[in-house]
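Here is a short report on one protein structure. Keep the model open as you read.

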Amino acid sequence: MAGSLSEIQARIASTKKTSQITGAMHMVSAAKLTKSEQAAKDFQVYASKVRQITTDLLKGDLSGGSTNPMLVSRPVKKTGYIVITSDKGLVGGYNSTILKAVMEMLEQDHDHTDEYEIIAIGGMGADFFKARGIDIAFELRGLADQPSFEQVGRIISQSVEMYKEELFDELYVCYNHHVNSLTSQVRVQKMLPISDLDEGEAAKEGVTGFELEPNREAILDQLLPQFTESLIYGAIIDAKTAEHAAGMTAMRAATDNAKNLINDLTIQYNRARQAAITQEITEIVGGANALD
């Protein structure tokens with residue numbers, strides 16, 4: 001019985017240490033989530049302005065008259081997918097959710113791996129695809145908690161350049177969209193060719209009252225890739241926010257489970273201790289009666 005009591009005490013002590021670690025990780029994730037949500041809000045202000053300027057410049061071309069390769073749909077021979085995951089675990093079902101959805105989409109939409117290219121942002125996704133024999137065009141690991149455009153700019157520009165060079169004919173970004181601290185949604189967003197702009201979003205006066213230099217077409221050649229790159233960067237920020245939320249939720253659940261386990265072990269310890277005391281009293285009374 002003494003051995004049993006000491007074992008229970010050791011488990012209680014070990015679980016308390018674990019709960020302290022998960023509790024600290026929960027607070028760290030909560031702080032990261034707050035910063036990431038603010039970064040996402042700040043980016044939306046920039047993104048909305050870039051979108052409006054792009055729509056203003058394209059006003060009149062969105063009905064199908066443009067010949068810019070970033071806008072024109074071509075026969076799809078190969079599709080590019082940017083898949084965003086985390087670099088490590090301890091984030092609940094964050095990675096498994098998006099990777100399962102991507103695999104189901106690939107199996108449904110493609111007959112062979114030659115029909116698509118994977119660009120992996122995050123070590124978990126890169127390792128997942130490699131383990132299944134799926135080649136990766138590019139990968140990016142070690143993403144910061146609050147990634148800057150400079151950190152992800154190279155892989156983003158490479159993705160856009162691959163489309164311009166017709167290495168694939170469509171580009172999608174697959175990631176977990178942050179809804180709130182408890183919920184995220186799998187999102188597969190088409191980035192290229194640009195097809196979701198609406199003339200109704202343009203300002204009434206547009207840019208027709210301005211003199212454009214060198215000319216509108218030259219400006220669009222520079223602006224459209226930057227517009228697409230900003231959308232991809234926005235998806236990365238969104239995915240990183242969802243990652244922090246998933247980490248916070250997972251660590252909170254782990255801490256709560258540890259506390260419940262400590263309570264159960266404490267009850268078990270008290271019962272075992274009570275049984276040991278009762279047994280000792282019984283033995284003492286039995287010995288006293290034997291002497292009489």
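## Ground rules

This is a predicted model: local features need pLDDT of at least 70, side-chain atom pairs count only at pLDDT 80 or more, and totals for chains, interfaces and linings use all residues. Residues are numbered from 1 along each chain as its sequence is written, and side-chain values use heavy atoms, without hydrogens and water.

Helices (H or I, at least four residues) and strands (E, at least two) are DSSP runs, numbered from the N terminus.

## The sheet

Start with the open sheet of 5 strands. Its order is S3-S2-S1-S4-S5, with mixed pairing. Two strands pair if DSSP finds at least two bridges between them. Strand S3 (136-140) and S5 stand at the edges. Each has a single partner strand, so one side of each is left without a neighbour in the sheet. Neighbouring strands are turned by 20 degrees against each other on average, direction ignored.

S2 and S3 run parallel, joined by 4 bridges. Ile 119 has Phe 138 in S3 as its bridge partner.

## Helices on the sheet

Helix H3 (residues 123-131) packs on the sheet and touches S1, S2 and S3. Its direction makes about 150 degrees with that of S3. Helix H4 lies across S1, S2, S3, S4 and S5, at about 160 degrees to S3. Axes are lines fitted to C-alpha atoms, for helices over the stretch in contact, and angles run from 0 to 180 degrees between N-to-C directions.

The chain crosses from S2 through H3 to S3 in a right-handed β-α-β crossover. Right-handed means that, with the strands pointing away from the viewer, the path from the first strand over the helix to the second runs clockwise.

## The cores

A nonpolar core is a set of buried Ala, Val, Leu, Ile, Met, Phe, Trp, Tyr and Cys residues joined through side-chain atoms within 4.5 Å. The largest has 42 residues. Ile 82, Ile 84 and Ile 121 are among those that touch the most other members. H5 (216-291) is one of the elements supplying at least two residues. H5 gives the most, with 13 residues.

Apart from this core lies another, of 15 residues, including Tyr 81 and Phe 128.

Thr 228 sits in helix H5. Is Thr 228 buried or exposed? Its relative accessibility is 0%, so Thr 228 counts as buried. Buried means under 20% relative accessible area, exposed over 50%, partly exposed in between (1.4 Å probe, protein chains only). Leaving out residues up to four places away in sequence, Thr 228 touches Met 70, Val 160, Met 191, Leu 192 and Ile 194. Contact means heavy atoms within 4.5 Å.
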